[in-house]
Amino acid sequence: MRNNSSAPSSAIFTEPRPSGSGLPRCKHRVFKQACLAFQCACFLTSVSVANEWPSWRGPGQTGESYEPAAVTSWSQDGENLVWKAPIGGRSTPIVMNGRVYLLGPVGEAPRLQERLACLDANTGKLLWEHRFNVFHTDIVEERVGWTAPAGDPETGNVYVHGTGGEMMCFDSDGKVIWNVSTTEVLGRISGYGGRLHTPIIDENRVIVSFLTSGWGNQARGKHRYVAFNKHTGEVMWWAAPGGKPLDTTYSCPVVTEIDGVRMLIAANADGNVYGMKARTGERLWTFRLSKRGLNPSIVVNGKYAYACHSEENYDNTEMGRVVCIDASKRGDITDTGEVWRLPERTVGYASPAIANGRLYVVTNAAELLAVDATNGHVFWTYDLGRVSKGSPVVTADGVIYVGEQTGVFHILRDAGDKCVSLDREVFERPDHLIDDIYGSPAVSNGRVYFMTRYNTYCIGPKELVTETAFVPTLPSQTTLSNAPATHIQIVPAEVTLHPGESANFAIQFFDKAGNATSRSHVTFSSTIGTLATSASRSSPMLVSGPSNAFAAGYAIAKAGDLEARARVRITPRLPINEDFESMELGKPAPGWVGAAGKSTIAERDGNRCFRKIATKAR
């Protein structure tokens, strides 16, 4: 065990808040208080269910396990080792319906691929795998398989965002239900770093983000969020809340409900944190944080969102900060929304966890901090080792599971005013080099699952005991709102057709809180193809023309002052015969222009800055 210090420090306060009482020493009281807090916060409803770990940050998207720790020591030689499987990677496994799903690299260059593997959670036996190519060929092996799978407890389906930009939906038997190549179809951009964003599931949506540069209103390169219908892969909405992206990043958004508004909170590549309506993508607030892109994901407790980074701050030249944001505010809340901050804390890789009233953060230098979530007071710091990029997981009774990049896995206990080491395991390859750990553990039914680069481990009691715990869930809307509509949505919001093909559109209305509301009279128009509507048709249908040529435009729905547009691109069938005579000099090719056929300043800038990448993406 390395040296640890318990030198508390204070945060900078920007809003008076009562100080917390710290972590109670009694395990039963900890678990009871954690459950009661979640019953009261954010309109969350709690139910007693068998614990699953369907997303990389757990069922509450917080890095907290709602069950007490069932394993506090183990050995690679056999003590509390349930199984070890020779399949590894650099991300986080998920556990759902008695199965473990892993994403990672497989093979060696030039045969390096990516795979989704499904293992039996009780035995580690490989049930099935799906291998796919990494066709963005300048991605190095160390950056393949960075994302984690996302599981949907409602359907049992699993969603993967691959290094090549493919968004894939699998059923529990490994069958591909739908696949969208975001690079080829949606203009996704990925640099040499290969940084990718893990998808999340919310109601009927699977949401993911990436840098894009496309045509028309998406010509300017931005960090955009896209919501797919989780059943069909149709694009439901786009959102681009920020400005110019400053980096490629891998932060994952989180969904919560605050004051009756279902909210998507995300750390952006422009250095800001944004709150958006989860069902529509409309921006609610902006918090300016860093002069570079943000990598750690957000965690939320009640109305408070916690963000961190390790780059230069937005408002000074110091490096790094941990900040608590009041996410119930609106507009630019940079000055008004900050509750407290920890200055000069370089937390640029690992995402924080929040449990039992405490925020746990891991710095780039592998220091673990326990922070009072209400006021930023640091209870203790603990030296994990040399460098950490994996995010911690904390149980209801204060046990912490966390990996170090240099191949060390820690089991620790938060003892109130200090951190106590319970177990420390070091992993090596057969050649005695480091078997590194980048991802986070998953905790399910008293067992802990985690990946090293070359293996996956399941530790815990030999006999599986199904645990039950109070797990927070967000309420879904079951009836239409009576409030007036403030937003109109046309689905699918993105369509690619061949000449002669057609697309059907559905229209939905939302009120100020982002809830679905009753339908109003809608008029339709189109700048491309033929839009067919009739009394017998509940939704409009667009039919593309017979010309075997590239074209692009919009299907438009209007209701009073409200307007929604679906982007429609026509791509010719093979073989393509193009003499370029119909293309005007000085203007982008079809598929890169707006509805009026004229490129805007944004489009010209976007095409100039991203021409090489965008041409490759097409």
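# A charge over a ring, and what lies around it

Start with Arg358, which is placed over the face of Phe379, at 3.6 Å from the ring centre. A charge counts as sitting over a ring when NZ of Lys or CZ of Arg is within 6 Å of the ring centre and within 35 degrees of the ring normal. There's another case to look at: Lys389 has its charged end over the ring of Tyr349, 4.6 Å from the centre of that ring.

Before going on, bear in mind that this is a predicted model, where local features need pLDDT of at least 70 and side-chain atom pairs count only at pLDDT 80 or more, while totals for chains, interfaces and linings use all residues. Residues are numbered from 1 along each chain as its sequence is written, and side-chain values use heavy atoms, with hydrogens and water left out.

## The overall picture

The protein chain has three helices and 48 strands. These are DSSP runs numbered from the N terminus: H or I over at least four residues for helices, E over at least two for strands. Of the 618 residues in the protein chain, 57% are buried. Buried means under 20% relative accessible area, exposed means over 50%, and partly exposed is in between (1.4 Å probe, protein chains only). As for contacts (heavy atoms within 4.5 Å), take those in the protein chain between residues at least 6 apart in sequence: 60% of them join residues at least 24 apart.

## Back to Arg358

A salt bridge here is a side-chain nitrogen of Lys or Arg within 4 Å of a carboxyl oxygen of Asp or Glu. In general, side chains of opposite charge can pair when their charged atoms come close.

How many salt bridges does a search of the whole structure find? The count is 23. One of them joins Glu203 to Arg262, with 3.6 Å between the closest N and O atoms. Elsewhere, Glu282 bridges to Lys277, and their closest N and O atoms are 3.7 Å apart.

| Residue | Relative accessible area | Class |
|---|---|---|
| Arg358 | 2% | buried |
| Asp414 | 4% | buried |
| Arg262 | 4% | buried |
| Lys277 | 7% | buried |
| Glu203 | 21% | partly exposed |

## Rings and cysteines

Rings of Phe, Tyr and Trp (its six-membered ring) pair if their centres lie within 6.5 Å; planes under 30 degrees apart are stacked, over 60 edge-to-face, and the rest tilted. That rule gives 18 aromatic pairs. In one of them, Tyr159 and Trp178 are tilted, at 6.0 Å centre to centre with 50° between the planes. This pair also links distant parts of the chain, with Tyr159 in strand S10 (residues 158–161) and Trp178 in strand S12 (residues 176–181), 19 residues apart. Both Tyr159 and Trp178 are buried. Ring pairs also build a cluster out of Trp74, Tyr401, Phe409, Phe427, Phe450 and Tyr457.

What about disulfides (two cysteine sulfur atoms within 2.5 Å)? The structure has zero. Cys252 counts as buried because its relative accessibility is 4%, and Cys419 is buried too, at 5%.

## Two loop residues

Thr62 is in the loop between strand S3 (45–50) and strand S4 (81–85). At 1% relative accessibility, Thr62 is buried. Its side chain reaches the backbone nitrogen of Glu64 at 3.4 Å. Leaving out residues up to four places away in sequence, Thr62 touches Arg57, Val299, Val300, Pro352, Ala353 and Ile354.

Ala240 is in the loop between strand S17 (235–239) and strand S18 (254–258). With a relative accessible area of 35%, Ala240 is partly exposed. Ala240 touches Lys222, His223 and Arg224, again leaving out residues up to four places away in sequence. Its C-alpha atom is 9.9 Å from that of Leu211, a residue 29 positions away along the chain.

Terms used:
A disulfide is a pair of cysteine sulfur atoms within 2.5 Å. A polar contact is a pair of N or O atoms within 3.5 Å; within protein, one must be able to donate a hydrogen and the other to accept it, and residues adjacent in sequence count only if both atoms are side-chain atoms.
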